[in-house]
Amino acid sequence: MPAQFKDYYATLGVARDASADDIKKAFRKLARQYHPDTAKDKKSAEEKFKEINEANEVLGDPEKRKKYDTLGANWQEPQAAAAHEQDVHFGGTGFSDFFEQYFSGGSRYGFPQGFDEGIPTGAGKGRARRGHDIEGDILVTLEEAMHGTQRPISLQTVNRQTGAVQTHTFEVRIPPGATDGRRIRVPGQGEPGHNGGEAGDLYLRVRHASHPDFTTREADLHHELDVAPWEAVLGAEVIVPTLDGSIKLRIPAGTEDRQQLRVRGKGLPKGKTGERGDFFVTINVVLPTQVSDDERKLWEQLRNASTFKPRA
(Lines give C-alpha, C1' and ligand atoms only; values in the text may rest on other atoms or scores of the structure.)
Protein backbone atom coordinates (compact mmCIF):
# COMPACT_ATOMS: atom_id res chain seq x y z
CA MET A 1 0.00 0.00 0.00
CA PRO A 2 1.64 3.25 -1.11
CA ALA A 3 2.74 5.83 1.44
CA GLN A 4 4.15 9.32 1.02
CA PHE A 5 7.46 10.07 2.69
CA LYS A 6 7.28 12.51 5.61
CA ASP A 7 10.18 14.87 6.23
CA TYR A 8 9.75 15.20 9.98
CA TYR A 9 12.75 17.54 10.32
CA ALA A 10 11.17 19.97 7.85
CA THR A 11 7.83 19.69 9.66
CA LEU A 12 9.43 20.88 12.90
CA GLY A 13 11.79 23.29 11.11
CA VAL A 14 14.96 21.83 12.65
CA ALA A 15 18.24 20.57 11.20
CA ARG A 16 18.89 16.83 10.93
CA ASP A 17 21.54 17.09 13.65
CA ALA A 18 19.27 19.06 16.00
CA SER A 19 19.60 18.17 19.68
CA ALA A 20 16.75 16.61 21.63
CA ASP A 21 16.28 19.93 23.42
CA ASP A 22 16.06 21.82 20.11
CA ILE A 23 13.41 19.39 18.88
CA LYS A 24 11.44 19.79 22.09
CA LYS A 25 11.55 23.59 21.85
CA ALA A 26 10.56 23.59 18.18
CA PHE A 27 7.63 21.28 18.86
CA ARG A 28 6.35 23.31 21.81
CA LYS A 29 6.52 26.54 19.80
CA LEU A 30 4.58 25.05 16.86
CA ALA A 31 2.15 23.22 19.12
CA ARG A 32 1.17 26.48 20.79
CA GLN A 33 0.77 28.14 17.37
CA TYR A 34 -1.39 25.40 15.86
CA HIS A 35 -3.24 24.01 18.84
CA PRO A 36 -6.89 23.68 17.71
CA ASP A 37 -8.15 25.44 20.84
CA THR A 38 -6.22 28.65 20.18
CA ALA A 39 -5.57 28.83 16.40
CA LYS A 40 -7.66 31.25 14.30
CA ASP A 41 -8.16 28.80 11.42
CA LYS A 42 -9.12 25.72 13.42
CA LYS A 43 -9.57 23.36 10.44
CA SER A 44 -6.14 23.90 8.88
CA ALA A 45 -4.57 24.13 12.33
CA GLU A 46 -5.96 20.73 13.25
CA GLU A 47 -4.15 19.06 10.34
CA LYS A 48 -0.94 20.93 11.07
CA PHE A 49 -1.21 20.00 14.75
CA LYS A 50 -1.43 16.32 13.78
CA GLU A 51 1.62 16.66 11.51
CA ILE A 52 3.81 18.24 14.17
CA ASN A 53 2.60 15.71 16.75
CA GLU A 54 3.55 12.87 14.44
CA ALA A 55 6.96 14.41 13.76
CA ASN A 56 7.53 14.85 17.49
CA GLU A 57 6.35 11.29 18.14
CA VAL A 58 9.19 10.05 15.93
CA LEU A 59 11.98 12.59 16.42
CA GLY A 60 11.25 13.00 20.13
CA ASP A 61 11.82 9.28 20.73
CA PRO A 62 15.50 8.24 20.44
CA GLU A 63 14.71 4.75 19.13
CA LYS A 64 12.18 5.94 16.56
CA ARG A 65 14.46 8.77 15.47
CA LYS A 66 17.31 6.30 14.93
CA LYS A 67 15.01 4.10 12.87
CA TYR A 68 13.79 7.09 10.85
CA ASP A 69 17.35 8.26 10.15
CA THR A 70 18.30 4.73 9.10
CA LEU A 71 15.46 4.65 6.58
CA GLY A 72 16.61 7.95 5.12
CA ALA A 73 16.65 8.25 1.36
CA ASN A 74 16.36 4.47 0.98
CA TRP A 75 12.92 4.29 2.50
CA GLN A 76 11.32 3.24 -0.80
CA GLU A 77 13.89 0.59 -1.66
CA PRO A 78 12.21 -2.81 -1.89
CA GLN A 79 14.40 -4.30 0.82
CA ALA A 80 13.62 -1.51 3.28
CA ALA A 81 9.94 -1.51 2.39
CA ALA A 82 9.64 -5.26 2.72
CA ALA A 83 11.14 -5.16 6.20
CA HIS A 84 8.34 -2.91 7.39
CA GLU A 85 5.48 -3.81 5.09
CA GLN A 86 2.19 -4.20 6.90
CA ASP A 87 -0.83 -5.92 5.45
CA VAL A 88 -3.14 -3.91 7.70
CA HIS A 89 -3.87 -0.26 7.02
CA PHE A 90 -5.90 2.17 9.12
CA GLY A 91 -7.57 5.43 8.21
CA GLY A 92 -8.86 8.04 10.64
CA THR A 93 -6.45 7.21 13.46
CA GLY A 94 -4.73 10.60 13.26
CA PHE A 95 -1.50 9.16 11.85
CA SER A 96 -0.25 9.36 8.24
CA ASP A 97 0.18 6.30 5.99
CA PHE A 98 3.97 6.71 6.32
CA PHE A 99 3.79 6.59 10.13
CA GLU A 100 1.37 3.68 10.01
CA GLN A 101 3.72 1.74 7.75
CA TYR A 102 6.95 2.25 9.66
CA PHE A 103 6.20 3.31 13.23
CA SER A 104 2.71 2.31 14.31
CA GLY A 105 2.90 -1.44 13.75
CA GLY A 106 -0.73 -2.08 12.89
CA SER A 107 -0.86 -5.84 12.51
CA ARG A 108 -2.72 -9.06 12.88
CA TYR A 109 -2.09 -11.21 15.91
CA GLY A 110 -3.65 -13.99 17.91
CA PHE A 111 -3.48 -16.82 15.40
CA PRO A 112 -6.19 -19.37 16.09
CA GLN A 113 -4.93 -22.39 18.00
CA GLY A 114 -4.43 -25.46 15.85
CA PHE A 115 -4.04 -23.58 12.58
CA ASP A 116 -1.07 -22.05 10.88
CA GLU A 117 -1.17 -18.67 9.19
CA GLY A 118 -2.20 -20.10 5.83
CA ILE A 119 -5.02 -22.26 4.68
CA PRO A 120 -6.01 -24.91 7.21
CA THR A 121 -4.84 -28.40 6.24
CA GLY A 122 -5.52 -31.99 7.23
CA ALA A 123 -8.21 -32.56 9.82
CA GLY A 124 -8.75 -28.82 10.20
CA LYS A 125 -9.56 -28.18 6.53
CA GLY A 126 -12.99 -26.70 5.99
CA ARG A 127 -13.69 -26.10 9.67
CA ALA A 128 -14.96 -22.75 10.87
CA ARG A 129 -12.08 -20.47 11.75
CA ARG A 130 -12.15 -17.27 13.75
CA GLY A 131 -10.52 -14.26 12.07
CA HIS A 132 -7.33 -12.78 13.44
CA ASP A 133 -7.45 -10.00 15.99
CA ILE A 134 -5.92 -6.75 14.71
CA GLU A 135 -4.18 -4.02 16.69
CA GLY A 136 -2.98 -0.52 15.93
CA ASP A 137 -2.53 2.95 17.43
CA ILE A 138 -4.95 5.86 17.58
CA LEU A 139 -3.91 9.47 18.27
CA VAL A 140 -6.11 11.18 20.86
CA THR A 141 -5.83 14.78 22.03
CA LEU A 142 -5.99 15.48 25.76
CA GLU A 143 -9.24 17.33 25.22
CA GLU A 144 -10.70 14.20 23.59
CA ALA A 145 -9.32 12.09 26.43
CA MET A 146 -11.02 14.44 28.88
CA HIS A 147 -14.46 14.48 27.32
CA GLY A 148 -14.48 11.36 25.12
CA THR A 149 -15.26 11.32 21.41
CA GLN A 150 -16.50 9.26 18.51
CA ARG A 151 -14.01 8.56 15.70
CA PRO A 152 -14.74 7.23 12.18
CA ILE A 153 -12.16 4.55 11.33
CA SER A 154 -11.47 2.71 8.08
CA LEU A 155 -9.58 -0.56 8.03
CA GLN A 156 -7.99 -2.15 4.97
CA THR A 157 -6.73 -5.71 5.00
CA VAL A 158 -5.31 -7.92 2.28
CA ASN A 159 -6.90 -11.32 1.83
CA ARG A 160 -3.91 -13.68 2.04
CA GLN A 161 -5.50 -16.28 -0.17
CA THR A 162 -6.86 -14.06 -2.97
CA GLY A 163 -4.74 -10.91 -2.59
CA ALA A 164 -7.90 -8.79 -2.71
CA VAL A 165 -7.98 -5.59 -0.63
CA GLN A 166 -10.95 -5.46 1.74
CA THR A 167 -12.04 -2.16 3.28
CA HIS A 168 -14.67 -1.47 5.90
CA THR A 169 -15.50 1.61 7.94
CA PHE A 170 -17.05 1.95 11.37
CA GLU A 171 -17.21 4.23 14.40
CA VAL A 172 -15.03 3.84 17.47
CA ARG A 173 -16.06 5.32 20.80
CA ILE A 174 -13.17 6.75 22.80
CA PRO A 175 -14.45 7.00 26.38
CA PRO A 176 -13.72 9.93 28.73
CA GLY A 177 -10.55 9.21 30.65
CA ALA A 178 -8.86 7.19 27.90
CA THR A 179 -5.31 7.02 29.27
CA ASP A 180 -2.16 6.76 27.18
CA GLY A 181 -1.46 3.12 26.36
CA ARG A 182 -4.98 1.92 27.11
CA ARG A 183 -6.31 -0.61 24.62
CA ILE A 184 -9.81 -0.08 23.31
CA ARG A 185 -11.47 -3.30 22.19
CA VAL A 186 -13.83 -3.09 19.24
CA PRO A 187 -15.56 -6.50 19.02
CA GLY A 188 -15.99 -8.04 15.59
CA GLN A 189 -13.97 -5.41 13.69
CA GLY A 190 -10.86 -7.53 13.19
CA GLU A 191 -10.21 -9.91 10.32
CA PRO A 192 -13.32 -11.68 8.93
CA GLY A 193 -13.74 -15.31 9.92
CA HIS A 194 -13.41 -18.24 7.52
CA ASN A 195 -15.90 -20.98 6.74
CA GLY A 196 -18.53 -19.35 8.90
CA GLY A 197 -16.20 -18.52 11.80
CA GLU A 198 -16.68 -15.29 13.74
CA ALA A 199 -14.65 -12.19 12.99
CA GLY A 200 -11.68 -11.26 15.15
CA ASP A 201 -11.58 -8.16 17.35
CA LEU A 202 -9.83 -4.83 16.83
CA TYR A 203 -7.63 -3.40 19.59
CA LEU A 204 -6.61 0.24 19.36
CA ARG A 205 -3.86 1.54 21.64
CA VAL A 206 -4.54 5.11 22.74
CA ARG A 207 -1.61 7.45 22.14
CA HIS A 208 -2.01 10.88 23.68
CA ALA A 209 -1.14 13.68 21.28
CA SER A 210 1.74 15.73 22.64
CA HIS A 211 0.49 18.93 24.23
CA PRO A 212 2.52 22.15 24.52
CA ASP A 213 1.60 22.59 28.20
CA PHE A 214 0.76 19.19 29.64
CA THR A 215 1.94 15.61 29.91
CA THR A 216 0.03 12.72 31.45
CA ARG A 217 0.77 9.79 33.73
CA GLU A 218 -2.31 7.62 33.92
CA ALA A 219 -5.10 10.03 34.90
CA ASP A 220 -2.79 12.67 36.39
CA LEU A 221 -1.92 15.81 34.45
CA HIS A 222 1.54 17.41 34.70
CA HIS A 223 2.64 20.96 33.95
CA GLU A 224 5.99 22.75 34.30
CA LEU A 225 5.96 26.33 35.56
CA ASP A 226 8.83 28.82 35.33
CA VAL A 227 9.05 31.20 38.31
CA ALA A 228 11.42 34.01 39.29
CA PRO A 229 13.72 33.48 42.31
CA TRP A 230 11.81 36.05 44.37
CA GLU A 231 8.51 34.27 43.65
CA ALA A 232 10.02 31.04 44.99
CA VAL A 233 11.49 32.75 48.07
CA LEU A 234 8.64 35.10 48.95
CA GLY A 235 5.72 33.14 47.54
CA ALA A 236 3.28 34.30 44.87
CA GLU A 237 -0.03 33.70 43.18
CA VAL A 238 0.19 32.92 39.46
CA ILE A 239 -2.29 31.95 36.76
CA VAL A 240 -1.72 28.48 35.26
CA PRO A 241 -3.61 26.64 32.49
CA THR A 242 -5.55 23.43 33.04
CA LEU A 243 -7.80 21.45 30.73
CA ASP A 244 -10.75 23.13 32.48
CA GLY A 245 -9.41 26.65 31.94
CA SER A 246 -6.99 28.81 33.89
CA ILE A 247 -6.78 28.67 37.68
CA LYS A 248 -4.95 30.74 40.29
CA LEU A 249 -2.14 28.76 41.93
CA ARG A 250 -0.53 29.78 45.21
CA ILE A 251 3.22 29.23 45.34
CA PRO A 252 4.22 28.93 49.02
CA ALA A 253 7.15 30.96 50.31
CA GLY A 254 10.33 28.89 50.25
CA THR A 255 9.34 26.72 47.30
CA GLU A 256 12.35 24.86 45.94
CA ASP A 257 13.40 24.20 42.35
CA ARG A 258 11.69 21.07 40.90
CA GLN A 259 9.25 20.96 43.81
CA GLN A 260 5.83 19.69 42.82
CA LEU A 261 2.58 21.37 43.80
CA ARG A 262 -0.58 19.29 43.67
CA VAL A 263 -4.08 20.39 42.78
CA ARG A 264 -6.57 17.61 43.42
CA GLY A 265 -9.23 16.69 40.90
CA LYS A 266 -7.93 18.61 37.90
CA GLY A 267 -6.61 15.62 35.94
CA LEU A 268 -8.38 13.27 33.53
CA PRO A 269 -11.44 11.23 34.49
CA LYS A 270 -10.55 7.86 35.98
CA GLY A 271 -13.55 5.99 34.68
CA LYS A 272 -17.26 5.62 35.16
CA THR A 273 -17.20 6.99 38.72
CA GLY A 274 -16.50 10.53 37.56
CA GLU A 275 -13.50 10.72 39.89
CA ARG A 276 -10.60 12.60 38.35
CA GLY A 277 -6.85 12.43 38.61
CA ASP A 278 -4.76 15.27 40.00
CA PHE A 279 -2.90 18.18 38.46
CA PHE A 280 0.80 18.40 39.33
CA VAL A 281 2.80 21.58 38.76
CA THR A 282 6.59 21.23 38.77
CA ILE A 283 8.38 24.44 39.67
CA ASN A 284 11.34 25.61 37.60
CA VAL A 285 13.21 28.43 39.33
CA VAL A 286 14.62 30.51 36.48
CA LEU A 287 17.55 32.86 37.09
CA PRO A 288 17.96 36.08 35.11
CA THR A 289 20.82 35.77 32.61
CA GLN A 290 21.21 39.54 32.19
CA VAL A 291 20.82 42.27 34.79
CA SER A 292 20.89 46.03 34.53
CA ASP A 293 23.24 48.13 36.66
CA ASP A 294 20.43 48.92 39.11
CA GLU A 295 19.45 45.27 39.36
CA ARG A 296 23.07 44.27 39.95
CA LYS A 297 23.30 46.73 42.87
CA LEU A 298 20.15 45.24 44.40
CA TRP A 299 21.50 41.68 44.05
CA GLU A 300 24.75 42.84 45.68
CA GLN A 301 22.79 44.39 48.55
CA LEU A 302 20.95 41.10 48.99
CA ARG A 303 24.23 39.17 48.97
CA ASN A 304 25.73 41.41 51.63
CA ALA A 305 22.62 41.42 53.82
CA SER A 306 21.59 37.78 53.55
CA THR A 307 22.50 35.18 56.22
CA PHE A 308 21.61 32.32 53.90
CA LYS A 309 24.51 29.86 53.57
CA PRO A 310 23.70 27.23 50.93
CA ARG A 311 26.91 25.24 51.57
CA ALA A 312 26.89 25.37 55.36
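**Note on the aromatic rings of a predicted model**

1. Trp299 is partly exposed, with a relative accessible area of 35%. Here partly exposed lies between buried, under 20% relative accessible area, and exposed, over 50%, using a 1.4 Å probe and protein chains only. This is a predicted model, in which local features need pLDDT of at least 70 and side-chain atom pairs count only at pLDDT 80 or more, while totals for chains, interfaces and linings use all residues. Residues are numbered from 1 along each chain as its sequence is written, and side-chain values use heavy atoms, with hydrogens and water left out.

2. The protein chain has nine helices and 13 strands. Both are DSSP runs numbered from the N terminus: helices are H or I with at least four residues, strands are E with at least two. Of the 312 residues in the protein chain, 42% are buried.

3. A search of the whole structure gives nine aromatic pairs. Rings of Phe, Tyr and Trp (its six-membered ring) pair if their centres lie within 6.5 Å; planes under 30 degrees apart are stacked, over 60 edge-to-face, and the rest tilted. One of the pairs is Tyr9 with Tyr68: the centres are 6.0 Å apart and the planes stand at 45°, so this pair is tilted. It links distant parts of the chain, since Tyr9 is in helix α1 (residues 8-12) and Tyr68 in helix α4 (residues 62-71), 59 residues apart.

4. Are Tyr9 and Tyr68 buried or exposed? Tyr9 is buried, at 2% relative accessible area, and Tyr68 is buried too, at 1%. The rings of Trp230 and Trp299 also pair, with centres 6.5 Å apart and planes at 50°, so they are tilted. Trp230 belongs to helix α8 (residues 229-234) and Trp299 to helix α9 (residues 293-305), 69 residues apart. Trp230 is partly exposed, with a relative accessible area of 47%.

5. Tyr9 and Tyr68 also belong to one aromatic cluster, together with Phe5, Tyr8 and Phe98.

6. Two rings have a charge over them. A charge sits over a ring if NZ of Lys or CZ of Arg is within 6 Å of the ring centre and within 35 degrees of the ring normal. Lys48 lies over the face of Tyr34, 5.8 Å from the ring centre. The charged end of Arg183 is over the ring of Tyr203, at 4.3 Å from its centre.

7. Contacts are the last point. Among contacts in the protein chain with a separation of 6 or more, 60% are between residues 24 or more positions apart; contact means heavy atoms within 4.5 Å.
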